[in-house]
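Keep the viewer open as you read.

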Amino acid sequence: EKRGDWHRIFASRDDLDHVLLQTGGFLRDLLRVLRNILMRAAESSALPLEREAIELEIAELRNDYLPVSIADALWLRKVARSHEAELPEHGELPELARYLENHQLLCYRNGIEWYDLHPLIRETVERLATRERVAKAES
């Protein structure tokens, strides 16, 4: 609230919190989605913005993290469940680095270092990994 009157843009604190949570604490994504929301708000005469308009901006941001391969989804789901790197072999370190560089995987440091999926791809990763597990069970 000290940085601006968010009430003019967002209909509720829930809408603002939703944006904050969807960016996973990744400042670049937060600033980008807020910029796009503010630009949409400037173009709109209907303020505060409807949740649908906010979801459109979040979906735009999500598209930058997609697609996710099935192999990646399987590994990323393991990391999301354990919050560990889940490196079966040292030679797979470049894969972990790739996930971190493209921000599909986020590293948090609050006392200990731990990993989690970017919230924007959580549903996609879970859906792909589950579908693959079911397909393997059926074959």
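H118 sits in the loop that links β2 (112-117) to α6; helices here (H or I, at least four residues) and strands (E, at least two) are DSSP runs, numbered from the N terminus. Is H118 buried or exposed? With a relative accessibility of 0%, H118 counts as buried, where buried means under 20% relative accessible area, exposed over 50%, and partly exposed in between (1.4 Å probe, protein chains only). Leaving out residues up to four places away in sequence, H118 touches Q22, T23, F26, D29, Y65, H103, Q104 and L106, with contact meaning heavy atoms within 4.5 Å.

A word on ground rules: this is a predicted model, in which local features need pLDDT of at least 70 and side-chain atom pairs count only at pLDDT 80 or more, while totals for chains, interfaces and linings use all residues. Residues are numbered from 1 along each chain as its sequence is written, and side-chain values use heavy atoms, with hydrogens and water left out.

Now for the wider view. The chain has six helices and two strands, and along the sequence they follow the pattern α-α-α-α-α-β-β-α. Taken along the principal axes, the C-alpha atoms fill a box of roughly 55 × 40 × 20 Å. Of the 139 residues, 35% count as buried. Among contacts between residues at least 6 apart in sequence, 60% join residues at least 24 apart.

Which residues does D15 contact, leaving aside its neighbours within four places in sequence? They are F10, L49, R51 and I54. With R51 there is also a side-chain to side-chain polar contact at 2.7 Å; such a contact is a pair of N or O atoms within 3.5 Å, and within protein one must be able to donate a hydrogen and the other to accept it, while residues adjacent in sequence count only if both atoms are side-chain atoms. The C-alpha atoms of D15 and E55 are 9.6 Å from each other, although these residues are 40 apart along the chain.

α1 and helix α3 (residues 51-63) pack at an angle of about 5°, with their axes 11 Å apart; the axes are lines fitted to C-alpha atoms, for helices over the stretch in contact, and angles run from 0 to 180 degrees between N-to-C directions. The two helices α1 and α3 are therefore roughly parallel, since angles under 35 degrees count as roughly parallel, over 145 as roughly antiparallel, 65 to 115 as roughly perpendicular and the rest as oblique. From α1, D14, D15, H18, V19 and Q22 meet R51, I54, E55, I58 and R62 of α3.

On the α4 side the contact is made by I70, A73, L74, L76, R77, A80 and R81, and on the α6 side by R122, V125, E126, L128, A129, T130, E132 and R133.

Our last stop is S82, also placed in helix α4. With a relative accessible area of 28%, S82 is partly exposed. The C-alpha atoms of S82 and L105, 23 residues apart along the chain, are separated by 13 Å.
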